[in-house]
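Subject: Structure handover

Hello,

Here is the structure I promised to pass on. Please open it beside this email and follow along.

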Amino acid sequence: MMAVLEAHPAHRLIGRKRLFSLAVPAVVLAYLLYVAVAFDIAGLAGRARWDNGAALLQDFWSYKIHVTRNNRTDGGIEASVEGMRNATFSADDEPDWITVRPDGGREIALPRDNSVTFAGDGLVTLTTSEASYDIRPVSDGIETDIPNPPEGFSISDKRFSADLPGGARLTVTRSRSEVFRRQPGWELFFFDLSSPFHGRSLTELVGLAVSGERLDPERSNIAGMARDFWRNSIWHHGDVAWAIFETILMAFLGTFGAGLISLPLAFMAASNFAPMRIVRQAFRRFFDFLRGVDALIWTIILSRAFGPGPLTGSLAMLLTETGTFGKLFSEALENIDEKPVEGLRSTGAGPLPRIRWAVIPQIAPVILSQLLYYLESNTRSATIIGAITGGGIGLLLMQAMQTQKDWEHVTYYIVLIVLMVILMDWLSGRIRARLIRG
């Protein structure tokens with residue numbers, strides 16, 4: 001009796017299911033172990049520099065103001081925003097935590113009651129909550145007397161550096177003395193130092209915009225604010241807006257250009273419109289070839305042929321999406337209802353009228369929905385392609401990352417890219433919804 005039960009098909013099926021349920025976790029575990037070994041996860045974790053990562057995150061939402069003394073020439077002292085060539089403060093516009101000394105030096109207040117003094121004769125004094133330290137630049141290096149350097153200090157005959165609380169840092173060499181202090185926000189985002197609106201509070205700006213005396217006789221204060229914001233020499237808002245438009249234009253031309261080309265070609269790949277098998281297979285393999293090569297690869301190839309530029313990126317997306325749309329549109333054509341086509345054929349209508357009045361109305365919602373969806377997707381792709389071809393917001397993003405200092409600009413561009421994608425997603429979703437309801 002037991003032998004009969006064990007041989008029953010239901011029992012064998014239950015046994016296979018149990019074996020499968022045990023085998024799947026074992027295979028997944030083996031795969032994860034292989035990934036951990038192949039990608040050297042343990043070594044990667046050991047090589048990670050978490051302090052560098054924390055500093056990078058700080059650079060996304062804050063900026064550094066450097067106070068620098070030239071020790072080689074006249075001992076001039078200047079304050080400037082890091083990574084911004086046109087952001088050197090005049091003596092009257094320096095931040096309020098920098099105080100001018102009678103001897104021409106500077107007193108720099110730092111977070112947590114720390115301070116640095118640049119004396120007129122070159123002596124640098126670092127004052128912390130624990131002690132005060134003197135560092136003097138000389139012709140062959142630096143001189144200091146710190147027998148037991150605290151944590152965060154690095155001292156040699158040529159260089160002194162100290163990492164201070166709050167993200168501040170002091171560096172002294174024979175050629176220059178420099179201290180920087182982090183400030184939250186994006187400095188000079190609205191108006192640069194050349195604008196008469198720089199440094200004014202929000203209340204003052206509102207008053208000037210509503211009823212204040214004109215700062216520029218040639219235009220109103222509101223027009224002046226808009227002009228200075230648009231022409232900001234630090235953040236280049238006008239250039240960034242054009243780059244965003246250029247990125248959207250690349251995606252638009254690549255997507256809808258591919259749609260216009262692939263629609264007539266799709267008829268040659270649909271079995272109900274191209275009865276010859278060799279013709280169908282030729283066009284289907286052609287579509288496979290175009291979409292099988294990624295747009296990034298087409299970008300590199302076309303860059304060598306036509307040079308960099310946004311048009312090259314548009315052509316690269318056009319080639320890839322022509323293959324994608326050719327396949328999608330041909331499948332939509334194969335699934336149409338043949339009754340309207342037969343009805344028009346019975347009236348003596350030719351091929352073009354049948355396609356115009358019986359086929360296009362059936363596939364138009366599908367085509368437009370796919371075009372809008374891929375327009376949204378290609379807007380994201382245009383950012384990466386633009387970084388390669390030299391166009392759009394992707395180029396600005398790549399340039400800011402390569403400088404290693406403009407990370408607040410990187411954040412600005414990333415925020416704009418995300419907002420651009422959200423806008424395109426919302427807009428295409430609304431249009432697709434109206435098409436589906438229609």
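First, the ground rules. This is a predicted model, in which local features need pLDDT of at least 70, side-chain atom pairs count only at pLDDT 80 or more, and totals for chains, interfaces and linings use all residues. Residues are numbered from 1 along each chain as its sequence is written, and side-chain values use heavy atoms, with hydrogens and water left out.

**The sheet**

Helices (H or I, at least four residues) and strands (E, at least two) are DSSP runs, numbered from the N terminus. Seven strands make an open sheet. Their order is S3-S2-S1-S13-S12-S11-S10, and the pairing is antiparallel. Two strands count as paired if DSSP finds at least two bridges between them. Strand S3 (88-89) and strand S10 (153-155) sit at the edges. Each has a single partner strand, so one side of each has no neighbour in the sheet.

Three bridges join S10 to strand S11 (residues 159-164). Ile155 has Phe160 in S11 as its bridge partner. A hairpin of three residues links S10 to S11. S11 then pairs with S12 over six bridges, in the antiparallel sense. Here Ala162 has Leu170 in S12 as its bridge partner. The hairpin of S11 and S12 also has three residues between the strands, and Gly166 in that hairpin takes a positive phi near 80 degrees. Strand S12 (residues 168-173) is joined by four bridges to strand S13 (residues 176-184). Leu170 stands opposite Val179 in S13.

**The cores**

A nonpolar core is a set of buried Ala, Val, Leu, Ile, Met, Phe, Trp, Tyr and Cys residues joined through side-chain atoms within 4.5 Å. Buried means under 20% relative accessible area, exposed over 50%, and partly exposed in between (1.4 Å probe, protein chains only). The largest core has 47 residues. Those with the most contacts inside it are Val67, Phe118, Leu126, Phe160 and Leu170. Helix H14 (residues 407-437) gives the most to this core, with seven residues. A second, separate core has 17 residues, including Ala270 and Phe329.

**A helix pair**

Helix H7 (residues 237-267) packs with helix H10 (residues 310-334) at about 40 degrees, and their axes are 6 Å apart. Their contact holds 15 nonpolar, ten polar and two charged residues. Axes are lines fitted to C-alpha atoms, for helices over the stretch in contact, and angles run from 0 to 180 degrees between N-to-C directions. Ala, Val, Leu, Ile, Met, Phe, Trp, Tyr, Cys and Pro count as nonpolar, Asp, Glu, Lys and Arg as charged, and the others, Gly among them, as polar.

**Two glycines**

Is Gly323 buried or exposed? Gly323 counts as buried because its relative accessibility is 0%. Gly323 lies in helix H10. Gly323 touches Phe287, Leu290 and Arg291, leaving out residues up to four places away in sequence.

Gly390 lies in the loop between helix H12 (351-389) and helix H13 (392-403). Gly390 counts as partly exposed because its relative accessibility is 31%. Beyond its neighbours within four places in sequence, Gly390 is in contact with Gly309 and Leu395.

Best wishes

Definitions and conventions
Contact = heavy atoms within 4.5 Å.
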